[in-house]
Amino acid sequence: MKVSLKWLQEWVEIQDYLDRPEGAQQMADLLTSRGLEVESVHRQNQGLEHVISVQIIQKQKHPEADRLSLCTVNPGNNAYLEIVCGAQNMKVGDVVCLAQIGAHLPNGLKIEKSKIRGVVSNGMLCSESELGLKSTSDGILILPEKTPVGWKVADILALDDVILEIKLTANRGDCLSHRGMAREIAAALGRPLKTPKVPELSFASHSGGNKPIRVELAAGADAPQFFGCSIEGVVVGPSPGWLKTRLEAIGQRSINNIVDASNFLMFEYGFPVHIYDADKIEGGLIQVRKSKAGEKLKLLDDSEIVTTGEELIISDGVKPVGLAGVMGGANSEVSATTKRVFLECAEFNPTLVRRAAFRYQKRSEASLRFEKGIDRGGLKDAIQRLADLVVRLSSGVVVGATQGTRLDGGGGGELSQNQTTSIQTSPEWINAFLGTAFEQRRMLQLLEGLDCKVEGVGGDIQKPMWRITPPSYRLDLKIPQDIAEEIARCFGYDQIPSTIPALSGSPKARHGSAVSHRLETLDGIKNCLADQGLSEVLNYAFQSESWIQKFGFQSSVKILNPLSEEQGFMVPSLLPGLMKAYQENERHHFGSEPLAVRIFEVRPVFEGSKIEATSETETGVTETWKLAVLISGPRFDQAIKSERGEVDFFDLKNVVESVFERLGTKGIRYRATVGQASIQSTVFHPGQTLQVAVGKDPVGFLGRIHPKLEAELKLRHPVYWAEINVEPVIALTPSQNRQFKAWSGFPTMERDFALLVKEDVSAENLIQVALKFGKPIAKVVKIFDTYKGAHIPEGMISIGIRVIFSDEAKSLEEKQVDQCAEVIVKKWSEEFGASLR
Amino acid sequence: MSDIKAQIAEKGTLALGQITAAAELAQLEQIRVSVLGKKGSLSEALKSLGQVPPEERPVLGALANEWKSKIEAALETKKTALEVLAIEASLEKTKLDVTIPSRKPHVGSLHPITTTVRAISKVLGRIGFDVTVGPEIETDFLNFEAVNIPKDHPARDMQDTFFIGPGVVLRSQTSPVQMREMRNQSWPVRILSPGAVYRCDSDATHSPMFHQIEGLWVDRKVSMSDLKGVLDFFAKEMFGTETKIRLRPSYFPFVEPGAEVDVSCMLCGGKNHQCPICKGTGWLEILGAGMVHPRLFELAGYRPDEVTGFAFGMGIERIAMLLHGIPDMRFLFQGDLRFLKQFGVQR
């Protein structure tokens with residue numbers, strides 16, 4: 001919101017702030033420190049300090065350039081100056097604006113003595129846009145005849161105001177006006193508020209046959225108060241200069257004296273008001289009621305709305321004439337020929353106004369003020385001020401004033417006084433709450449300065465209890481904490497000391513708590529992956545439906561109001577995001593070597609069937625944290641070619657296994673699941689995939705990207721990726737300190753076997769069988785070689801297996817090891833048809 | 001007897017000569033066998049000891065052993081010398097161009113958001129805060145009503161929210177975690193809740209998904225000066241001991257009093273009028289804070305007359321950008337390795 005310091009000066013004495021060069025900034029700092037954040041300070045004469053009025057004495061063509069002219073100007077002291085000018089709209093005798101050497105204009109232009117096509121120019125003649133008066137303009141500004149020469153242009157144009165742009169918080173609707181801001185400043189400076197004298201409405205008799213307009217409130221508590229006033233004999237015309245200046249200073253356009261009066265009232269008092277052309281009110285009635293569905297109304301901005309039955313409208317008994325609190329109707333608009341007007345100043349239900357403004361996308365200065373809550377006790381003052389303005393501006397006569405109260409039978413009666421609730425609190429409590437030692441006397445002063453009524457209601461003089469009644473315009477003061485904030489804000493937050501709170505009892509132990517174990521495990525996973533040369537990425541949790549489907553996934557969680565289709569669905573898998581990141585990196589990779597992409601993400605994925613809040617905490621959406629990994633490209637960041645190589649399946653397998661090995665996670669199984677139909681069959685190469693499982697339950701997959709996807713995505717290098725549900729993994733990761741285990745001090749013994757098996761026999765199974773039937777002395781089983789080709793029958797493979805035996809308690813004997821090895825070989829043969837080569 | 005003596009000495013001397021002359025390790029072994037082996041010359045000489053009278057045997061035996069030791073020592077010395085020579089000879093063959101760049105494994109990195117959350121948690125963990133997290137898809141109740149933003153409240157304008165289903169939203173702040181936590185445990189509460197939040201906003205300084213971290217401290221007799229003390233400690237630990245904080249009154253529906261918190265500019269300290277970070281104001285707005293509104297305690301099942309508390313929240317992107325000099329928020333979400341790898345595995 002923009003406020004003018006000169007306008008404020010009419011309400012509270014701040015001429016000293018206007019006069020001092022640093023005064024405007026001081027005022028801004030004062031308001032900011034009280035919670036009314038000033039975003040910018042604009043002095044109207046900023047940049048115009050060196051712009052003066054001059055008269056054109058002579059105008060010639062520039063000798064070197066047809067499109068330029070050379071003017072001789074008199075700056076008032078007959079010390080003529082030559083100026084080169086690009087505009088042509090001036091003539092000899094005109095008074096124009098000269099930016100002198102050294103001027104730094106509002107548009108950023110710095111004026112220096114310069115040669116233009118060989119002729120020295122001693123300044124620049126300015127246009128309105130160059131002076132910051134308009135955004136665009138044609139030609140230079142010609143000042144009125146008889147304008148004195150040699151004066152500062154800022155003084156001639158009365159550009160001596162300072163405009164503050166204020167970012168108001170949602171709770172301070174009372175400050176959405178100059179009066180409201182002035183109240184704050186008056187309280188802050190301890191100066192009195194200057195309230196303009198407004199004459200009581202004088203009621204004239206109705207002239208020739210015009211019936212008075214009757215007001216009917218038919219919306220119950222949704223429109224509890226209405227003040228109306230009829231004025232006749234108005235002459236609609238341009239507003240006087242003072243009014244234009246005020247409105248234009250805060251960025252409002254002047255329309256005519258009547259419309260300007262209502263805008264002025266809104267920006268001065270904070271009340272949204274409306275003025276109707278009374279001759280266009282057909283039924284002699286102003287009725288406030290809920291709309292019926294399907295009523296049509298053309299608004300002031302020429303748009304037409306069709307009502308839903310939810311909003312409040314104003315009707316004249318024949319037709320709707322306004323959308324209450326939001327915008328008036330075009331059918332009752334004040335025009336150049338208007339003779340009679342009807343003024344409306346009313347209170348409407350903030351929620352209904354807000355919803356209507358949203359529904360029709362008509363959020364206006366008026367609706368904004370209703371939404372935040374108007375001063376329910378101030379409507380009568382406001383209509384009197386408005387009537388006085390209209391009368392003075394348009395030579396009209398007040399012929400009738402109406403005061404409506406709600407007709408629902410409930411409440412009723414005198415509504416001019418707000419039913420504000422009082423707040424009980426004590427200065428002692430306030431100090432304890434703030435951690436301060438403010439003086440009771442000062443607190444009382446400050447509260448009274450804010451128009452709060454403070455009464456003692458118990459306690460003693462040392463420790464009184466106060467009943468505080470805030471003024472009707474402070475709708476935000478409801479509880480003792482609000483009063484504490486007023487105190488803190490008025491003293492200044494910088495007056496609050498800094499203390500470190502005591503830990504009550506002993507600090508809570510983190511160790512072993514499920515939450516911290518979970519977070520530590522997630523951190524551990526990230527650390528392990530970063531240690532293996534992978535970079536963590538963060539992708540948006542939403543992707544387009546088609547991108548998600550490309551990988552064979554279905555998203556069940558749709559965003560109802562996405563920013564774009566690209567961000568329409570919450571991801572059911574992290575893999576589509578990783579592929580996006582991969583492609584992003586590939587896109588700007590120009591080298592001849594393949595790009596090494598090694599990335600991971602640890603984030604939740606989303607799933608839901610019936611998405612609806614079924615309780616205060618249930619959404620129907622399941623969030624599962626996953627770990628996703630993608631690697632591709634050279635195995636080393638740097639190595640000579642013969643050593644470099646590109647990553648393959650086993651590099652990926654190692655990345656995943658290493659995470660769990662380092663974390664000490666127990667019970668993770670890896671299973672080849674050839675031919676099993678599942679998500680893996682669309683995402684992973686069927687022959688280069690492992691299922692990761694906890695017990696029998698699959699928790700994820702790792703493998704090479706499916707060649708079909710590889711082709712579809714036009715990948716130039718094979719990509720290996722994995723996605724694993726980390727929730728079950730967390731449970732299998734020890735949170736306790738790892739325990740010491742003794743090792744065997746006796747020598748180990750080894751046996752190597754060359755096994756001939758069918759190709760589809762899984763090496764993992766051979767290992768597991770050896771470990772199972774070699775118990776308790778077969779400790780480690782390694783695959784040290786695989787071979788296919790010469791001397792090996794088609795469909796068979798030779799696998800080199802080493803079994804390492806040891807015993808914790810004694811040296812092993814050859815015979816014992818041989819017996820054990822025999823059992824293992826027998827089992828291999830029985831279970832897999834393996835034979836020794 | 002003297003015959004045998006002379007024979008031993010002769011053979012020994014011969015062997016020593018051969019050892020000195022040897023040029024390869026293999027020769028030494030030959031010499032060792034020919035002299036000291038079972039059928040070696042010295043051994044043969046000793047075999048003839050049986051023929052001498054018993055009283056002379058000790059003398060001759062000692063002599064023979066003396067020569068044996070001498071020869072063994074000479075063999076050992078020569079062997080070492082030859083080995084050294086052999087190593088020296090191999091050096092040239094095993095010479096490398098040591099200026100070839102090293103074989104480098106890939107160096108990974110953690111996302112700046114991750115490391116920033118860790119840094120903040122570490123600082124505040126020192127004065128008693130614990131980290132906890134909650135879901136990103138929340139009920140309208142927890143996202144709004146539980147933080148004192150009822151339906152049709154003007155404060156709903158402050159946040160443009162993504163909707164998922166009836167009463168279900170993408171959380172627009174991490175505050176729902178506070179209510180979940182308070183409903184789950186009795187006070188005292190000292191928690192930090194970091195995480196992703198969502199608002200329909202996208203430009204150079206806004207991302208539709210971003211991260212916040214909120215702190216909540218609830219206990220008997222917590223005051224606003226405690227809030228200031230904690231924030232002051234945080235700012236100094238995070239940005240340097242010279243850092244100052246400034247609280248300005250502001251409004252958030254879930255706190256009363258509310259404050260915007262500025263920290264002094266860590267780059268220029270307010271001395272540079274053209275400072276790219278603080279734009280010459282000397283201050284950076286990084287936090288919102290305040291005393292917990294009693295309405296929240298009621299909703300949590302706490303008694304507002306028993307406890308007070310403070311809460312604060314900040315955007316993690318903003319802190320990460322300040323700490324690392326990142327000029328554009330969008331870099332954080334593009335997965336570009338040129339960006340990500342700059343931050344390494346600092347944790």
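## Contacts and burial in chain B

Take the contacts in chain B (heavy atoms within 4.5 Å) between residues at least 6 apart in sequence: 67% of them join residues at least 24 apart. On the burial side, 55% of the 347 residues of chain B count as buried; here buried means under 20% relative accessible area, exposed means over 50%, and partly exposed is in between, with a 1.4 Å probe and protein chains only.

A word on ground rules: this is a predicted model, so local features need pLDDT of at least 70 and side-chain atom pairs count only at pLDDT 80 or more, while totals for chains, interfaces and linings use all residues. Residues are numbered from 1 along each chain as its sequence is written, chains are lettered from A and ligands numbered from 1 in the order in which they are written, and side-chain values use heavy atoms, with hydrogens and water left out.

## Overall build of chain B

Chain B has eleven helices and ten strands, where helices (H or I, at least four residues) and strands (E, at least two) are DSSP runs numbered from the N terminus. Its radius of gyration is 42 Å, well over the 20 Å that the globule rule gives for 347 residues, so chain B is more spread out than a compact globule. For the record, that radius is taken over C-alpha atoms, and the rule is 2.2 Å times the number of residues to the power 0.38. The C-alpha trace of chain B spans about 125 × 45 × 45 Å along its principal axes.

How is chain B divided into domains? There's domain 1 (2-93) and domain 2 (112-343), with bounds that come from an automatic or database domain assignment. The C-alpha centres of these two domains of chain B lie 88 Å apart.

## Surface and charge of chain B

The accessible surface of chain B comes to about 15700 Å², and 55% of that belongs to carbon and sulfur atoms. Areas like this come from the Shrake-Rupley method with a 1.4 Å probe; for residues, only the protein chains shown count as cover.

Chain B carries 41 positive and 41 negative charges, and their mean positions are 4 Å apart. Lys and Arg count as positive and Asp and Glu as negative, while His and the chain ends are not counted. Each charge is placed at NZ of Lys, CZ of Arg, CG of Asp or CD of Glu.

## Overall build of chain A

Now for chain A, which has 23 helices and 38 strands. With a radius of gyration of 41 Å, well over the 28 Å that the globule rule gives for 837 residues, chain A is more spread out than a compact globule. Its C-alpha trace spans about 125 × 85 × 60 Å along the principal axes. Chain A is divided into domain 1 (2-44 + 162-189), domain 2 (51-156), domain 3 (214-405), domain 4 (423-491), domain 5 (514-732) and domain 6 (749-836). The C-alpha centres of domain 1 and domain 5 of chain A lie 55 Å apart.

Of the 837 residues of chain A, 51% count as buried. Among its contacts between residues at least 6 apart in sequence, 68% join residues at least 24 apart. The accessible surface of chain A is about 39000 Å², with 50% belonging to carbon and sulfur atoms. Chain A has 97 positive and 105 negative side chains, and the centres of the two sets lie 1 Å apart.

Most residues other than glycine have a negative phi, and most peptide bonds are trans. Where do the exceptions sit? A cis peptide bond joins A:Lys775 and A:Pro776, with omega about 0°; A:Pro776 is in the loop between α22 (763-773) and β36 (778-787) of chain A. Over in chain B, the bond from B:Trp187 to B:Pro188 is cis too, with omega near 5°, and B:Pro188 is in the loop between α7 (175-184) and β5 (189-198).

As for positive phi, A:Asp302 has a value near 75° and lies in the loop between β16 (296-298) and β17 (304-306) of chain A. B:Asn148 has a phi of about 70° and lies in the loop between α6 (140-143) and β3 (163-165) of chain B. Buried or exposed? A:Asp302 is exposed, with a relative accessible area of 54%, whereas B:Asn148 is buried at 17%.

## A look around A:Val683

A:Val683 is in helix α19 (residues 680-683) of chain A and is buried, with a relative accessible area of 1%. Leaving aside neighbours within four places in sequence, its contacts include A:Phe551, A:Phe553, A:Leu575 and A:Trp721. A:Arg704 is also in contact with A:Val683; the two are 21 residues apart along the chain, and their C-alpha atoms are separated by 8.5 Å.
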